[in-house]
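Here is a briefing on one protein model. Keep the structure open as you read.

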Amino acid sequence: MDRECALLLPGVCGVLAGSGSSLPDDTSLEKLLDWFTGLSEAGGSLLEACPCLLTFISTVVQNTASDPGVLSFALRLTGLLAATEDSFKTIQEHSVLNKVFNLQHWQEAGLWEDPCLRIGWIQGLRSMLQHPQALRFFVHSDFIDLLLQLQTDTSLFIASAANQMLAHILLFFQPGLSAGSNGVDKKEKDDGMAQSSADYSAVVMSISEYFKESLVPKESRNIRQSLQILKLLALLLAPAGPPLRDKLMQTVGDSLEELVTAGSSELTLPLMDVILSACSSSGTDERVTRLLSSMLNINKPADLIHAAAALLRRGHHDAVHTARAVRILLLPIDIITGQTLLGTISTADEHQFSVMEQLKTKTSCISMICVCLTNTPQITLTPPDVLPCPPVSIVTAVLSLLRICSGVFSSSSTGCSEVCRNVIGSGKVQKCALEALTTLTSSPGAKEKISEVFTVLIQYLENPDSDPTVLHKSYQALLKWTSVCTDFSFITDKLKHDLLEVVKKRVCDMRWEVRDSTVEFLGHLAGVCVSIDSAEEECDASVALLGGSSTTPLLREALQDTESYVRASAIAALAKTLTHRWQQGATLSEEEPEIVRRLLEILSKDTEGFPRRAVVQYFISWYSSQSPPSSSSSLLMQSVRSVLSQGRADLDWEVKVHTLKLAELLLDEAFSGHPGYKKGSDAHQAPPHPYGVVSEQAYTLHTHASKHTEGADSDLAGVIEQGVLSVLLSGLVDCDRPVALKACGLLINLRELLCPLSLGVLDASAATAKVSCELPGLGWGREIIKILTMKKSDQTKEADNAAQRGFNGAEEGGDGMCVSVCEALRSLGLDERMDVLTQSSDHIHNSPFSLLQDILTASATHTKPGEEVIVDCY
């Protein structure tokens with residue numbers, strides 16, 4: 001602990017101990033405890049460093065009028081301090097420990113009913129229980145019974161905390177296992193170990209008896225108690241060592257069997273968690289295997305399906321039970337679709353009748369079918385000896401179910417028509433089936449169904465009753481199946497024509513969500529590379545399915561859409577559609593100049609940020625994709641100059657960051673051949689910065705001493721003419737941190753190339769040093785001039801003379817200024833600015849010292865109640 005904090009801490013303790021009300025910032029105590037926890041984990045004794053803490057705890061626990069939040073803080077702090085044996089002894093010698101955790105004391109004060117105090121009591125004990133002496137104190141204080149009662153506390157947070165604490169005690173103090181794994185000192189003497197073992201045995205005995213008596217609910221209202229115990233058992237069984245695991249299973253085995261037989265729906269999943277945890281830890285224990293078999297044979301269909309799904313989710317590797325779970329999950333789909341999914345077994349599945357009856361109820365039918373559909377992808381990936389049918393049959397069944405949902409079905413299964421009516425038009429089932437179909441592309445033999453898949457999905461896209469989400473998922477499924485299709489000969493001309501017509505229809509839909517999904521689909525489709533005919537020629541999927549000349553006009557129309565999301569999606573889709581042409585250096589098409597004109601209009605006039613961001617990204621894609629100079633290069637470079645000019649002045653910070661990315665590409669193009677130039681993409685990643693969204697590239701500073709090659713001056717003049725330097729300099733003084741951060745990184749890279757600090761001013765390339773740029777007298781130009789002027793005035797006379805030579809006589813014309821680029825880069829204080837930009841305000845406000853000051857300041861509300869006290873929140 002630093003000296004400044006140590007001096008403030010006694011005063012803070014006095015404020016908290018004497019406070020009759022909570023602090024203005026109710027997170028201050030949490031922050032304070034976090035700080036103490038960090039100091040404790042770093043090593044050393046908190047009590048030795050902060051003796052005032054013991055006095056604070058003693059004072060607070062005796063003053064029952066203290067705020068419950070402060071009391072809870074004192075309980076948790078006590079546990080933290082007592083987590084080491086030495087501090088535990090010190091606290092016990094001062095008779096503080098018994099007072100702090102004395103239940104009777106808090107009950108008599110009428111404070112135990114406050115959940116804040118109960119949670120503090122639990123968490124304090126949890127922190128303290130890190131060594132045998134703490135366990136002995138816990139056992140001898142008879143706290144185990146109270147902790148067991150708290151398992152069913154009215155507060156779910158307290159019940160959960162009590163649950164976690166019991167698990168901690170049983171697992172942490174297991175004899176023969178390594179205690180102290182959390183880094184806390186736990187040296188034990190031989191006699192101490194013997195005593196600890198006895199204490200632990202007493203805890204295990206008490207908890208086991210509690211399980212035995214309470215696991216099976218006596219009344220329906222006790223179901224919550226059973227639920228908590230099952231949660232605790234699931235926490236314990238997997239990591240428990242053999243002695244503890246065997247003891248627990250011996251105690252609760254009969255009760256678990258009784259619960260399975262009772263068939264309480266609320267306990268189905270918790271029971272499965274316990275049984276599967278026991279399976280993973282005990283291997284082939286006969287009792288556990290019997291329990292698992294019973295769970296996969298319960299009479300309630302919905303519970304049966306949930307149990308089977310839980311087994312598959314946990315990745316249980318028992319072939320017999322996995323095969324059983326697979327059959328259970330396929331049964332409802334088999335019934336509703338009439339597909340033969342359960343093999344050629346002549347006798348009906350033993351649960352077929354009960355499942356059929358349950359499926360006749362609409363709510364349970366939809367719920368059960370959705371659970372089954374969610375698990376179909378995992379089912380198809382199980383070993384062949386586990387599956388009762390080929391994986392492709394499951395794909396067929398999902399397609400059949402999709403047809404049924406849209407009202408088209410015919411089946412010979414008894415009672416199937418009655419069940420089918422329950423899912424017709426069900427958006428929930430449709431979404432689950434489409435999601436399943438999307439992931440079933442990896443199933444063996446699935447590609448054989450490509451034509452049928454396309455037919456069903458196009459029908460969904462044509463259906464006027466399909467809601468926007470169903471249409472979106474239909475597009476996603478279509479894209480996924482297109483990406484895995486190696487032979488488009490299966491896709492008939494009729495299917496292609498139908499797809500094109502439905503896309504034309506949906507791109508004009510009344511609902512903007514549908515238009516957006518359609519435009520996105522066109523863009524993604526263009527990004528999928530497929531083979532034509534015998535895999536001799538490759539093209540993008542939009543050409544193969546829709547024809548190359550069909551999609552661009554649709555996307556051009558979408559640029560006029562009234563919804564900004566659709567306009568942005570259309571721009572992104574156009575970039576993907578034209579990428580292949582750009583990469584091939586194709587001749588400029590007739591429509592491209594019109595597209596560029598419209599995009600520049602959007603960048604300058606659109607009131608929404610999404611389309612403007614998309615425009616800059618469009619030109620980034622174009623510039624990145626272009627091959628050696630082509631007929632489109634002239635249009636591109638003219639457009640880029642305009643994009644840079646408009647993008648740097650945009651009000652949206654993301655547009656400005658994208659504009660800087662485009663400027664970075666121009667710098668890379670101009671200087672990548674020069675020794676010493678470091679591309680932004682090659683720079684090492686900087687540490688994460690405190691703001692949530694930052695520029696895509698982070699920069700690490702490098703200095704290079706290599707001599708500049710000829711032509712650097714002309715390259716520099718070229719990027720100045722394009723407007724790149726203006727973008728960087730305006731970004732440097734931008735009020736948005738991500739913009740300034742990226743601009744600063746790019747300017748540093750440029751400075752290290754043109755005039756590295758490792759070289760003297762006179763050693764730099766004379767030609768490069770003479771290159772100058774014009775700074776405007778308004779806006780960002782004025783800010784840059786101000787920085788340069790301040791730097792110049794701060795220099796000594798000798799340095800000023802040298803700088804004057806470098807400035808090349810910096811001419812001021814009106815309010816503007818013409819400066820040497822090299823000297824400007826030297827004089828902007830880029831390194832200092834980068835330090836500031838990468839350091840958030842948290843380095844001042846998010847500190848223990850600031851926190852302590854806040855708490856002291858907050859105490860002023862007691863003496864000056866009329867004043868508002870603002871505290872830092874971080």
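**Largest cavity**

The lining of the largest cavity consists of six nonpolar, three polar and one charged residue. Here Ala, Val, Leu, Ile, Met, Phe, Trp, Tyr, Cys and Pro count as nonpolar, Asp, Glu, Lys and Arg as charged, and the others, Gly among them, as polar. This is a predicted model: local features need pLDDT of at least 70, side-chain atom pairs count only at pLDDT 80 or more, and totals for chains, interfaces and linings use all residues. Residues are numbered from 1 along each chain as its sequence is written, and side-chain values use heavy atoms, with hydrogens and water left out.

- The lining residues are L259, V260, G263, S264, L267, T268, L271, M295, I298 and D303.
- Two elements, α15 (242–262) and α16 (268–282), each give two or more residues to this lining.
- The largest cavity holds about 50 Å³ of space.
- The protein has five cavities of 30 Å³ or more.
- A cavity is a set of points on a 1 Å grid over the protein atoms alone where a 1.4 Å probe fits but cannot get out; lining residues have an atom within 4 Å of a point.
- Grid points are joined across faces, edges and corners, and a volume is the space filled by probe spheres set on the points.

**Overall build**

- The protein has 46 helices and four strands. These are DSSP runs numbered from the N terminus: helices are H or I, at least four residues, and strands are E, at least two.
- Of the 874 residues, 52% are buried. Buried means under 20% relative accessible area, exposed over 50%, partly exposed in between (1.4 Å probe, protein chains only).
- Among contacts (heavy atoms within 4.5 Å) between residues at least 6 apart in sequence, 72% join residues at least 24 apart.

**Strands β3 and β4**

- β3 (residues 772–775) and β4 (residues 817–820) run antiparallel, joined by four bridges. Strands pair if DSSP finds at least two bridges between them.
- E774 has C818 in β4 as its bridge partner.
- C773 and L775 form the covered face of β3, while S772 and E774 form the uncovered one.
- In a regular strand, side chains alternate between the two faces of the sheet.

**Two single residues**

- H168 sits in helix α12 (residues 156–172). H168 counts as buried because its relative accessibility is 11%.
- Leaving out residues up to four places away in sequence, H168 touches R126, L129, Q130 and F173.
- A109 lies in the loop between α8 (103–108) and α9 (115–128). A109 counts as partly exposed, at 31% relative accessibility.
- A109 and N63 are 46 residues apart in sequence, yet 9.7 Å apart in space, C-alpha to C-alpha.

Methods: 1 Å grid on protein atoms, 1.4 Å probe; cavity = no way out; pocket = protein on both sides within 12 Å on 5 of 7 lines; lining within 4 Å.
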